[in-house]
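Subject: Structure for your review

Dear colleague,

Please find the structure below, handed over for your reading. A description of what was found in it comes after.

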2 protein chains.
Amino acid sequence: MTNMTSHIHCQNCSMAALCLPYQLDQEGMARLDTIIQRHKPIQKRDILVHAGAPLKFLYAVRSGSLKSYTIDDNGVEQIIDFHLPGDVIGFDGLSENEHRSYTQALETSMLCEIPITALDELAEQMPGLRRQLWRLMSGEIFTSKQLLGTLNNRTAQQRVAHFLVTLAERFKERGLSSRSYRLTMTRADIGNYLGLSVETISRILSNLQQEGVIEVQNKLVEIIEPLRLREMAQ
Amino acid sequence: MTNMTSHIHCQNCSMAALCLPYQLDQEGMARLDTIIQRHKPIQKRDILVHAGAPLKFLYAVRSGSLKSYTIDDNGVEQIIDFHLPGDVIGFDGLSENEHRSYTQALETSMLCEIPITALDELAEQMPGLRRQLWRLMSGEIFTSKQLLGTLNNRTAQQRVAHFLVTLAERFKERGLSSRSYRLTMTRADIGNYLGLSVETISRILSNLQQEGVIEVQNKLVEIIEPLRLREMAQ
DNA sequence: CGACGATTTGACTCTACTCAATGTGTGTGG
DNA sequence: CCACACACATTGAGTAGAGTCAAATCGTCG
């Protein structure tokens, strides 16, 4: 039997428009494809990278989802990101040549492995790739600063509403339903990320459901009134 | 009379180690220097860049300090960054080719203006410059995600202590005293940045002073017990 | 089927906010 | 150089939103 993953290439990956290949021509995509390794699937709870480990690869998410977190001086986990297909993991480590956070799978996930040195060489020759790398990093800078503003000066309800809206937008970009989706992270993860307690997350999801804005069934979320939810996020 | 600023070059700039020229050799620095314009000094309250304006230049701070902020849908200012000498402003705009935030001087400040297109061309030819650009962007990604973790799940006192410690570290990197410094931003700015009210900032600075950890005299801060302050930031 | 982790709900507490009043500094114009 | 005005900062009192603690229920994976 042939390797089932052997036919996966940037050229036919549905996430290409969000990922490194964005705006590359056929030849550029083919060149990028040659340096990329397909990583074996990782299982729920598996740790992809450890904070402090040397940064040899960036990883692009092909399917599934992951969370990144740091461990602070008190040994407390602090989630800094959730990764969906098309996201590139590891940019925060480039400055020190080592990973700055842990990244753990929230479900079985498939990844592409991109060697940094080969990527640098390719970026030298391909202005389009260089621009996309800048674009991705710049976007990450903006969204994390934006998030800062979203969390500061906002109530618990606004934060949760913002979280749900942002997830919906991200799913939509990925060709998935922005109306209903599955949360692969726990309530505790969401609370940690938003700076709220588990109980508060649970209560607010219940309230939003009672008000008819969303339907929640365990991990499944359905957004009944997208506009109202968006207003609540302000 | 000759232009007083004409003798300022990357080669003799004291901020070179923090800025774009880091780890470039003499020749590389000279090449970088040719594309950089010295911007005329900007005065307190002047706005350097407006959100939405096309991104033509990055700016490096040579002296002084600035704040960056967005205006949210409710017209409320949200400060996302304070810039000190050596910092590069504008990375968050690369993804959309326009500035994503406003940047305003907190005091009279001197800036270097770096044309993006020329920088891209130079980065193509100079691997060291490319690496430093990656390093700076990556560092910004890390610190803003780190800050997220610092603000979430932390009390007002921890946030303020963290803010003071971080400023001290940044002044130290810049060859200035990490023991005493002047806050160029108002208490309201600090509160906005940390997600706290002006009153809370004021009260906490008073408390820290009463406990003998710091001395505050208006804008002047002296850190009496750096270790204790650092502990309080945890 | 059983055990453990995740989630929900309730009761009480406390931190940081708001509102209000007063004090302090800075800068401008006469 | 001084006086006045305005922005900035401090301090106090009362309040509310989110945290903590506790207990019950639900789901999932051996």
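Predicted model: local features only at pLDDT ≥ 70, side-chain atom pairs only at ≥ 80, totals over all residues.

Residues are numbered from 1 along each chain as its sequence is written, chains are lettered from A and ligands numbered from 1 in the order in which they are written, and side-chain values use heavy atoms, with hydrogens and water left out.

**Overall form**

Chain A contains seven helices and 11 strands; helices (H or I, at least four residues) and strands (E, at least two) are DSSP runs, numbered from the N terminus. The C-alpha trace of chain A spans about 55 × 40 × 40 Å along its principal axes. The radius of gyration of chain A is 19 Å, which agrees with the value near 17 Å that a compact globule of 234 residues would have. This radius is taken over C-alpha atoms, and the globule rule is 2.2 Å times the number of residues to the power 0.38.

Of the 234 residues of chain A, 54% are buried, where buried means under 20% relative accessible area, exposed over 50%, and partly exposed in between (1.4 Å probe, protein chains only). Among the contacts in chain A with a separation of 6 or more, 70% join residues 24 or more positions apart; a contact means heavy atoms within 4.5 Å.

**How the two copies are related**

Chain B is superposed on chain A by a rotation of 180° with 0.0 Å of shift along its axis, at an RMSD of 0.0 Å. That is the relation of a two-fold axis. The superposition is by least squares on the C-alpha atoms of residues with pLDDT of at least 70 in both copies. The copies meet through the same surface, because 100% of the interface residues of chain B are also interface residues in chain A.

In chain A, four strands form an open antiparallel sheet in the order 1-8-3-6; two strands pair if DSSP finds at least two bridges between them. Strand 1 (37-42) and strand 6 (88-89) of chain A are at the edges with a single partner strand each, so one side of each has no neighbour in the sheet. Four bridges hold the antiparallel pair of strand 1 and strand 8 (residues 109-115) of chain A, and Ile42(A) has Ser109(A) in strand 8 of chain A as its bridge partner. Helix 2 (residues 116-125) of chain A packs on this sheet, touching strand 3 (57-63) and strand 8 of chain A, and its direction makes about 60° with that of strand 8 of chain A. For such angles, axes are lines fitted to C-alpha atoms, for helices over the stretch in contact, and the angles run from 0 to 180 degrees between N-to-C directions.

In chain B, strand 8 (residues 109-115) is largely enclosed by the rest of the structure, because six of its seven residues are buried. Strand 8 of chain B runs antiparallel to strand 1 (residues 37-42) of chain B, with four bridges, and Arg38(B) stands opposite Cys112(B). Strand 8 of chain B also runs antiparallel to strand 3 (residues 57-63) of chain B, with six bridges, and here Ser63(B) stands opposite Met110(B).

Strand 4 of chain A is mostly covered, with five of its six residues buried. Six bridges link strand 4 of chain A to the antiparallel strand 5 of chain A, and Tyr69(A) stands opposite Ile79(A). These two strands of chain A form a hairpin with five residues between them, and Gly75(A) in the turn has a positive phi of about 75°. Strand 4 of chain A is also joined by four bridges to strand 7 (residues 102-105) of chain A, again antiparallel; there, Leu66(A) has Ala105(A) as its bridge partner.

**Helix 5**

Helix 5 (residues 187-194) of chain A is largely enclosed by the rest of the structure, because six of its eight residues are buried. Ile190(A), Tyr193(A) and Leu194(A) are among them. The cover over the buried residues of helix 5 of chain A includes strand 4 (66-71), strand 5 (77-83) and helix 3 (127-151) of chain A. Just after helix 5 of chain A, Gly195(A) takes a positive phi of about 75°.

With kind regards
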